[in-house]
Amino acid sequence: MSRYAYVNGQYLPLSVAGVHVEDRGYQFADGVYEVVAVANGHAIDEEAHLARLDYSLKEMSLAWPVSKAALKHILKRMVALNRLTNGLLYLQITRGVSRRDHGFPKPGVPPALVVTAKNMKPVSPELLEKGVAVVTMPDLRWKRCDIKSVSLLPNILAKQAAKDMGAYEAWLLDDKGYVTEGSSTNAWIVTDKGEIVTRPLGAPILAGVTRRAILALAKEAGLKPVERPFKPAEALKAKEAFLTSATSWALPITRIDGKPVGDGKPGPMTLRLRALYAQAVEKGL
Ligand code: PMP
């Protein structure tokens, strides 16, 4: 199947789609992005992703490249052009094209917008049955991880280090040894009191759209979500651990640094939250 990309006003076959070599995203990672999961041709929680995009743009003093309504139209068109049923939309906005200089370009240089689409298989039953492993390592990122910047070097290095150790994800630790989040996911535990714990929002983590939805669904179901930091030692004593992201939903973690979490099997609370999320998606979240 040929795939299409949207590049600054044009829908182009992916094989010929490209940006200028002096795009500031390419030279400085001067841009922001979103990953929106698509299920049954529908962009999941699109409004929440666009609200976070608006936040990232404001924090970077970047303007919207097109109106929100136009962006929604582009996303819809990309779903149709790519015949996307289950997969993801990637959208990236950079500070446009100008001669390389650290300072912002002169006013009038428009931000650049690129959208790509990717088909994805659902999370494999095996992964859900076994759960995934995470390994902990220092969080080497900057102090504004609340901005969804395309500058992802420490995240990439952490993910690869985890992969090299046979793990699915890296849990990043702040200077005090608390888990901030995963390299591309939010981090959670379930305590023996049934508390569903995740780190509060703030500069050290990304405000995950899935995190937000899971917190709301947990509250609605009368469960006990608690926003506070936790350390790997507490996670290893917890009943369950899991991660969330737009493409993983809620995914059980069964090993941390080679040691089992709880009984070493995916926990019932994680699977319940995943089911609640699946129901919400089915209803058109
Ligand atoms: N933290 C980081 C660092 C991420 O890159 C992501 C994925 N975008 C998440 C958390 C999860 O966020 P979301 O639920 O919006 O995918």
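Is Arg 95 buried or exposed, and what is its relative accessible area? Arg 95 is buried, with a relative accessible area of 8%; buried means under 20% relative accessible area, exposed over 50%, and partly exposed in between, with a 1.4 Å probe and protein chains only.

## Basis of the report

This is a predicted model, in which local features need pLDDT of at least 70 and side-chain atom pairs count only at pLDDT 80 or more, while totals for chains, interfaces and linings use all residues. Residues are numbered from 1 along each chain as its sequence is written, and side-chain values use heavy atoms, with hydrogens and water left out.

## Domains

The domain assignment of the protein gives domain 1 (4-119) and domain 2 (125-282); such bounds come from an automatic or database domain assignment. To the contact, domain 1 gives 20 residues and domain 2 gives 19 residues, where contact means heavy atoms within 4.5 Å. The centres of the two domains, taken over C-alpha atoms, are separated by 26 Å.

## Salt bridges

Side chains of opposite charge can pair when their charged atoms come close. A salt bridge is a side-chain nitrogen of Lys or Arg within 4 Å of a carboxyl oxygen of Asp or Glu. A search of the whole structure finds 16 salt bridges.

One of them joins Arg 95 to Asp 30, with the closest N and O atoms 2.8 Å apart. This pair links distant parts of the chain, 65 residues apart: Arg 95 is in the loop between strand E5 (87-94) and strand E6 (112-119), and Asp 30 is in the loop between helix H1 (24-28) and strand E3 (31-39). Helices (H or I, at least four residues) and strands (E, at least two) are DSSP runs, numbered from the N terminus. Asp 30 counts as buried at 9% relative accessibility. Arg 24, Asp 30 and Arg 95 are linked in a network of salt bridges.

A further salt bridge is formed by Arg 199 and Asp 174, whose closest N and O atoms are 3.1 Å apart. Arg 199 lies in the loop between strand E11 (195-198) and helix H6 (209-220), and Asp 174 in the loop between strand E8 (169-173) and E9, 25 residues apart. Arg 199 counts as buried at 12%, whereas Asp 174 counts as partly exposed at 21%.

## Glu 181 and its partners

Glu 181 forms a salt bridge with Arg 141, the closest N and O atoms being 2.8 Å apart. Glu 181 belongs to strand E9 (residues 179-182), and Arg 141 to the loop between strand E7 (132-138) and helix H5 (153-164), 40 residues apart. Relative accessibility is 4% for Glu 181, which counts as buried, and 13% for Arg 141, which also counts as buried.

The side chain of Glu 181 also has a polar contact of 3.4 Å with that of Asn 186. A polar contact is a pair of N or O atoms within 3.5 Å; within protein, one must be able to donate a hydrogen and the other to accept it, and residues adjacent in sequence count only if both atoms are side-chain atoms. Asn 186 lies in strand E10 (residues 186-190) and is buried, with a relative accessible area of 5%.

## The ligand

The ligand is surrounded by 18 residues, the closest being Arg 52, Lys 148, Glu 181, Val 209 and Thr 210; a residue is near a molecule if one of its heavy atoms lies within 4 Å of it. An N or O atom in the side chain of Lys 148 is 2.5 Å from a nitrogen atom of the ligand. A polar side-chain atom of Thr 210 lies 2.6 Å from an oxygen atom of the ligand.
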